[in-house]
Amino acid sequence: MNTEHELLIRAITAFHNETGIELDVIQENGQLVDIEVDAIIQFPKPGPKLAIEVKKWTQQANLGAIAEQIKRLPLDGVLVTDYINPNMAKKLKAMHVQFMDTVGNTYINQPPIYIHVTGNKQNQALTHFKETNRAFDTTGLKVVFGFLCTPLLVNTTYREIAKTTGVALGTVGWVINGLKDAGFVIERGKRRELINKRKLLDRWVEAYPEKLKPKQHVGEFIADQANWWQDIKIEEYRAYWGGEVAAAKYTKYLQPQIATVYLPKEAGNKLLMNAKLRKADEFPAAEAGIVRIFRPFWPTDTIQEDSNEGLAHPILVYADLIETGDARNIETARMIYEQYINKYIGADVL
């Protein structure tokens with residue numbers, strides 16, 4: 001199994017073996033309402049047509065990002081992937097995301113059609129997909145973040161790209177080659193241009209919580225009060241609010257439940273002491289505040305927006321919110337996209 005097409009066929013075959021229902025693939029790799037879809041399937045008439053999003057593998061960490069992609073599809077969407085374990089199936093169902101995998105686990109809710117199959121074991125004989133494009137490994141994601149925040153950066157020198165994104169010079173070449181292979185960078189003469197930026201953003205948001213964010217994790221802490229963050233001037237610590245607190249400040253809409261802080265190592269102890277944060281060794285009281293601390297992965301003097309002092313870049317805040325899978329956070333993430341991120345993505349150069 002080495003292509004998305006083969007994965008789709010395996011999933012459809014497993015679905016038929018489990019349910020006795022034959023599905024027709026009526027289109028692959030097309031566009032509907034300017035949104036790219038991997039396929040469209042048809043239930044036996046008069047059953048529904050459904051848009052397919054194929055993911056070669058799915059991890060717990062990126063379910064929120066995948067759910068958002070599925071919900072943006074122009075038809076009711078279905079996630080097709082290699083394997084959905086029972087815990088993931090429960091979470092996807094709670095997010096109202098339909099799915100099929102290659103061993104017959106399925107959730108389809110298209111009244112009067114309702115199919116829910118979980119618990120089928122993973123076939124260890126199958127060769128599972130792994131991300132081999134180095135543009136989307138831990139270091140590559142730092143460069144891609146820089147390109148998303150500053151699309152014209154892709155056409156500068158390798159040295160300038162490395163300085164701006166905080167990676168080694170030798171990293172830049174294979175990241176750009178990986179983006180070319182994936183259809184996100186093209187060359188016009190001597191110019192490099194970033195294309196398919198919305199799809200690249202989706203890819204980054206999906207990979208970030210799995211590949212890069214865990215590497216930056218310092219720990220989880222507790223504040224005495226849930227609204228402790230309102231009295232903190234985070235810029236005094238050269239730190240940045242991410243996640244729900246940043247979203248509340250960007251939109252004036254969300255009431256934060258969890259505070260995310262991107263905190264440099266040299267300022268860590270000072271913030272912990274002044275804010276009276278303690279290590280989260282046990283579940284906090286309801287009135288307490290949960291604080292998740294990460295190290296910044298970007299050079300804040302090159303990528304950070306000066307106009308939003310103390311707030312992580314909107315693209316990073318968007319990713320933090322989408323990761324949670326929480327409906328209100330995702331609603332706020334969409335607001336941030338429209339108000340702040342769309343100007344970076346804009347109209348794709350084709």
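1. Start with helix α2 (residues 63–71): its buried residues are L63, G64, A65, I66, A67, E68, Q69 and I70, where buried means under 20% relative accessible area with a 1.4 Å probe and protein chains only. That is eight of the nine residues, so α2 is largely enclosed by the rest of the structure. The cover over these buried residues includes β3 (49–55), β4 (77–81), α3 (86–94), α7 (197–212), α10 and α11 (327–345). Helices here are DSSP runs of H or I with at least four residues, strands are E runs of at least two, and both are numbered from the N terminus.

2. A word on provenance: this is a predicted model, with local features needing pLDDT of at least 70 and side-chain atom pairs counting only at pLDDT 80 or more, while totals for chains, interfaces and linings use all residues. Residues are numbered from 1 along each chain as its sequence is written, and side-chain values use heavy atoms, leaving out hydrogens and water.

3. Now the cores. The largest nonpolar core has 74 residues, and L179, W204, W228 and W241 have the most contacts inside it. A core of this kind is a set of buried Ala, Val, Leu, Ile, Met, Phe, Trp, Tyr and Cys residues joined through side-chain atoms within 4.5 Å. A second, separate core of 18 residues includes I41, L50, V80 and I115.

4. Take W228: apart from neighbours within four places in sequence, W228 is in contact (heavy atoms within 4.5 Å) with A223, W241, A259, A275, L277 and V291.

5. Next, a helix pair. α8 (residues 243–251) and α10 (residues 314–324) pack at about 125°, with axes 9 Å apart. On the α8 side the contact is made by G243, E244, A246, A247 and Y250, and on the α10 side by P314, V317, D320 and L321.

6. Two cis peptide bonds are worth a look. One joins K45 and P46, with omega about 10°, and P46 sits in the loop between β2 (35–42) and β3. Another joins P111 and P112, again with omega about 10°; P112 is in the loop between β6 (106–110) and β7 (113–117).

7. Most residues other than glycine have a negative phi. K252, not a glycine, has a positive phi of about 60° and lies in the loop between α8 and β12 (258–262). K276 is not a glycine either and has a positive phi of about 60°; its place is the loop between α9 (268–274) and β13 (278–279).

Technical notes: Axes are lines fitted to C-alpha atoms, for helices over the stretch in contact, and angles run from 0 to 180 degrees between N-to-C directions. Buried means under 20% relative accessible area, exposed over 50%, partly exposed in between (1.4 Å probe, protein chains only).
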